[in-house]
Each structure stands twice: as C-alpha cells, then as structure tokens.
Amino acid sequence: MLDNCFETRYEGDAFDYTEKEAVKRNDPNISFLSGLGEIIVVIMYVIIVLAIIIGVYVLVSVLLGKEGAWLINRKSDDKAVFYGDDLQQLVDTDFKKLIQQALETNDLRSAIRYQYLYLLQKLSYKNIISLHKDKTNSDYQYEIKDTSLRQSFGYLSYIYDYAWYGEFEISLADYEQAARAFDEITQMI
C-alpha cells in the first residue's frame with residue numbers, strides 16, 4: 001500500500017534538490033584578504049626564483065673557480081697576497097719588505113696582516129708551529145707549548161682579526177701599538 005500523501009511529508013528546503021546559483025557576497029574584508037593572499041603567494045614565488053638564480057650563480061662561480069665580484073668577494077680579499085693555498089710562498093716571502101711597502105703607502109691594515117704572516121713564518125722556522133693550509137689561527141695557538149707565547153699569540157690573532165677581517169680603519173697610533181706587540185712576541189721566539 002502506497003501512501004498518497006508522502007509528498008507532503010518531504011516538503012521544505014531540506015528536501016529541495018534543485019540547483020541554485022551560488023550567492024555572491026560583496027564583503028570587502030573577504031575580497032581584501034583574498035587579494036592579499038594572492039600577493040603573498042606571488043612574492044613567495046619571486047623570492048624562491050631569485051634564491052634559485054643566486055644559488056646557481058654561486059655554484060657555477062665556485063665550480064669554475066671565478067670570484068663573484070658582487071656576492072662572494074670581500075674588500076679584504078682584493079689585497080690578499082696568498083696564504084692558505086701556497087704555503088711555500090708563505091715560507092719564501094720577505095715580509096719585512098712588504099711591511100715597509102705597506103707603511104710607505106699608509107696601508108696600515110695590510111701592514112698588520114704582513115706582521116701576522118711574518119710571525120707565522122718565524123714560528124714555523126723555529127718549529128713552534130707547523131704550517132698547513134687548513135689550519136686556523138686557533139689551531140696554531142693550541143700548537144704553541146709555551147703558555148706566555150700562546151697567550152701573546154692569541155692577543156695578536158685578535159688584533160689581526162680585528163684589523164684585517166673587521167675592515168676597520170687603523171690609525172697610526174693603533175698600528176704602532178700593534179707593531180710593539182708584534183715586536184715583543186718576536187723577541188720571545
């Protein structure tokens with residue numbers, strides 16, 4: 001038996017399955033947030049693409065052995081003499097002459113650098129340290145057995161790092177103070 005009134009039981013919006021057009025909201029807050037989200041996504045894509053381009057540039061520069069002038073190269077490296085790659089050149093160099101030339105041109109940062117390299121050269125001649133291209137200044141400091149010499153070397157490493165890598169302007173008074181410290185340690189060797 002069929003119930004002839006079944007249609008009346010299923011009336012109302014809950015039982016209306018006809019398709020209706022979506023209601024568009026003109027809420028300005030929702031459209032603003034949606035636009036802002038799209039802008040953020042575009043900016044993220046641009047940042048990712050730029051990072052990939054810079055990464056490829058650095059990788060290619062390193063693999064080809066070239067210096068990326070604006071990205072990799074530092075101001076200090078423009079005046080770099082060597083040290084690190086060619087130890088024999090470090091051993092054979094006349095640092096007193098280089099120090100004198102740097103002082104004549106008023107390049108006090110380079111003069112401090114040459115003083116430091118000269119110190120490494122002298123320590124190596126006296127078999128106090130063993131030069132190696134992969135050693136750091138701290139490695140050399142730990143290699144020195146004499147405690148007072150080790151402390152003085154640590155101080156001079158600090159001066160060298162400050163002057164050379166800090167890229168600060170060095171006054172003549174600063175250089176003279178550093179030169180006295182270098183002379184004192186040279187006398188200790």
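A residue counts as buried when its relative accessible area is under 20%, and as exposed when that area is over 50%. Keep these two words in mind while you explore what is a predicted model.

Begin with helix H4, residues 95–104, and colour its buried residues, which are Phe-95, Leu-98, Ile-99 and Ala-102. Because they cover an arc of only 100 degrees around the axis, these residues lie on the same side of H4. Just after H4, select Asn-106, which takes a positive phi of about 60 degrees.

Next, select helix H5, residues 108–125. This helix has 18 residues and spans 25 Å from its first C-alpha to its last, which is close to the 26 Å expected at 1.5 Å a residue. Of the 18 residues of H5, 16 are buried, so the helix is largely enclosed by the rest of the structure. Within H5, pick out Ser-124. Is Ser-124 buried or exposed? Its relative accessible area is 18%, and because the cut-off for a buried residue is under 20%, Ser-124 counts as buried. Leaving aside residues up to four places away in sequence, Ser-124 touches Ile-129 and Leu-131. Just after H5 you will find Asn-127, which has a positive phi of about 60 degrees.

For the next stop, look at the second largest pocket, which holds about 200 Å³ of space. The elements that give two or more residues to its lining are helix H7 (147–165) and helix H8 (172–188). H7 gives the most to this lining, with 5 residues. To see the lining, select Ile-112, Tyr-155, Tyr-158, Ile-159, Tyr-162, Ala-163, Glu-169, Ile-170, Asp-174, Gln-177 and Ala-178. If you colour these residues by type, they divide into 8 nonpolar, 1 polar and 2 charged.

Finally, zoom out and show the whole protein, which has 8 helices and 0 strands. Of its 189 residues, 26% count as buried. Among contacts between residues at least 6 apart in sequence, 58% join residues at least 24 apart.

Conventions: Residues are numbered from 1 along each chain as its sequence is written. This is a predicted model: local features need pLDDT of at least 70, side-chain atom pairs count only at pLDDT 80 or more; totals for chains, interfaces and linings use all residues. Side-chain values use heavy atoms; hydrogens and water are left out. On a 1 Å grid over the protein atoms alone, a cavity is a set of points where a 1.4 Å probe fits but cannot get out, and a pocket is an open set with protein on both sides within 12 Å along at least five of seven lines; lining residues have an atom within 4 Å of a point. Grid points are joined across faces, edges and corners, and a volume is the space filled by probe spheres set on the points. Helices (H or I, at least four residues) and strands (E, at least two) are DSSP runs, numbered from the N terminus. Ala, Val, Leu, Ile, Met, Phe, Trp, Tyr, Cys and Pro count as nonpolar, Asp, Glu, Lys and Arg as charged, and the others, Gly among them, as polar. Buried means under 20% relative accessible area, exposed over 50%, partly exposed in between (1.4 Å probe, protein chains only). Contact means heavy atoms within 4.5 Å. The expected span of a helix is 1.5 Å times one less than its number of residues. The arc is that of the directions from the helix axis to the C-beta atoms.
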